[in-house]
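Trainee: I'm new to this one and would like to go through it step by step. Where shall we start?

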Amino acid sequence: MNLPFEYDQVTPGEFGGTKPTTTDFNNSRVVILPIPLDRTTTYVPGTRTGPHEILVASSHMELWDEETETDVHRIGIYTMPELELPFGTMDEVVREIRRVLAEIVKRDKFPVVLGGEHSITPPIVAAIAAKNPGMSVLQLDAHADLRDSFMGTPHNHACAMRRVLEYARCTQVGIRSLSPEEAAAAPTLPTEIFYDYNMRQHEDWMDRVVDSLSETVYLTIDVDAFDPAIMPATGTPEPGGLTWYETLALLRRVIDTRRVVGCDVVELCPMPGNAAPNFMIAKLVYKILSYRFGSELGQK
């Protein structure tokens with residue numbers, strides 16, 4: 001809409017809003033892709049609204065990061081329209097997600113995918129790993145997601161990391177829920193698990209996480225990795241979990257010492273009347289970008 005005068009406004013569909021700068025796809029360093037998939041959720045549904053609510057919350061963030069002393073918004077963050085997936089089968093859904101992500105990464109963009117359920121992660125990893133041989137994946141999650149098949153499909157969100165392992169080895173952090181079948185299979189799979197109940201017994205647990213990763217890393221963060229006391233808005237909450245500041249400390253250590261090439265944040269199930277979890281995840285994404293690109297802006 002063209003107006004004869006200007007005034008400040010909020011654009012909820014763009015990550016971080018449009019002020020102080022706007023960008024387009026070509027001059028962006030970061031591409032935000034919302035994928036509101038909610039097909040295989042097995043407990044509380046609602047992850048399809050997660051991407052939208054993250055974007056709405058992000059438009060109310062202050063853009064100065066006091067930790068890195070940067071405004072990473074200035075590097076160019078472009079928000080793409082929500083990816084619609086009107087397909088009859090999960091096989092078709094997976095193929096389309098992989099195709100779109102391949103288009104993003106071949107243009108040298110840093111993808112940030114907002115879910116939606118965790119079943120979106122394997123095709124994302126497939127597309128990014130194809131361009132980054134030897135890449136590993138850091139997963140923050142309450143659940144191992146190592147089932148080979150669940151509820152009739154290998155693409156269920158409970159199978160997400162089992163499918164990811166077909167493309168990259170993994171390090172799984174904060175795990176506190178898995179089936180007997182997953183526990184039996186885990187030692188035979190190319191993954192290292194840091195269980196929530198005992199990982200902090202080692203003061204150097206964050207160093208161990210970093211040491212387990214290859215030089216190139218993709219991040220996948222299921223919001224149920226957090227303690228439900230601070231993140232109740234998820235479809236499969238588990239007692240225990242990560243705190244805000246230890247999560248940031250781990251992510252900064254990984255980003256400072258490894259080449260992080262993309263990330264996704266999944267399984268936010270917004271709660272009517274409680275905007276705090278939505279804002280927390282918007283802030284988490286902005287912190288990841290501040291750590292990843294702040295050095296280009298003279299970060300502290």
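Trainee: By class, how many nonpolar, polar and charged residues are in the lining of the largest pocket?
Mentor: Keep in mind that this is a predicted model, where local features need pLDDT of at least 70 and side-chain atom pairs pLDDT 80 or more, while totals for chains, interfaces and linings use all residues. Residues are numbered from 1 along each chain as its sequence is written, and side-chain values use heavy atoms, leaving out hydrogens and water. A pocket here is an open set of points on a 1 Å grid over the protein atoms alone, where a 1.4 Å probe fits, with protein on both sides within 12 Å along at least five of seven lines, and lining residues have an atom within 4 Å of a point. Counting Ala, Val, Leu, Ile, Met, Phe, Trp, Tyr, Cys and Pro as nonpolar, Asp, Glu, Lys and Arg as charged and the others, Gly among them, as polar, this lining has 4 nonpolar, 6 polar and 6 charged residues.

Trainee: And what volume does the largest pocket have?
Mentor: Its lining has 16 residues, with Thr 42, His 143, Asp 145, Arg 147 and Ala 158 nearest the centre. Volume means the space filled by probe spheres set on the grid points, which are joined across faces, edges and corners. For the largest pocket that comes to about 260 Å³.

Trainee: Asp 145 came up there; what is its phi near?
Mentor: Asp 145 sits in the loop between β4 and α4 (160-164); helices (H or I, at least four residues) and strands (E, at least two) are DSSP runs numbered from the N terminus. Most residues other than glycine have a negative phi. Asp 145 isn't a glycine, yet its phi is positive, near 55°.

Trainee: Which element gives the most to the lining of the second largest pocket?
Mentor: That pocket holds about 220 Å³, and 13 residues line it, with Asp 108, Lys 109, Phe 110, Arg 259 and Val 261 closest to its centre. At least two lining residues each come from α3, β8 (259-266) and α8 (276-293). The top contributor, with 3 residues, is β8.

Trainee: Which strands stand at the edges of the sheet?
Mentor: Picture 8 parallel-paired strands in an open sheet, ordered β2-β1-β3-β8-β7-β4-β5-β6, where two strands pair if DSSP finds at least two bridges between them. From one strand to the next, the twist averages 15°. Two strands have a single partner each, so one side of each lacks a neighbour in the sheet: β2 (77-79) and β6 (191-195).

Trainee: Which residue in β3 does Leu 33 stand opposite?
Mentor: Strand β1 (residues 30-35) runs parallel to β3 (residues 110-115), joined to it by 6 bridges. Leu 33's opposite number in β3 is Val 113.

Trainee: What angle does α3 make with β7?
Mentor: Angles run from 0 to 180 degrees between N-to-C directions, using axes fitted to C-alpha atoms, for helices over the stretch in contact. Helix α3 lies across β3, β4 (136-140), β7 (216-222) and β8. Its direction relative to β7 is about 170°.

Trainee: How far apart are the axes of α2 and α3?
Mentor: Among the residues of α2 that meet α3 are Val 94, Ile 97 and Leu 101, contact being heavy atoms within 4.5 Å. By class, 10 nonpolar, no polar and 2 charged residues take part. The helices, α2 (residues 90-105) and α3 (residues 121-131), pack at about 35°, and the axes are apart by 8 Å.

Trainee: Where is the cis peptide bond?
Mentor: Most peptide bonds are trans. Gly 116 lies in the loop between β3 and α3. The cis bond, with omega near 20°, runs from Gly 115 to Gly 116.
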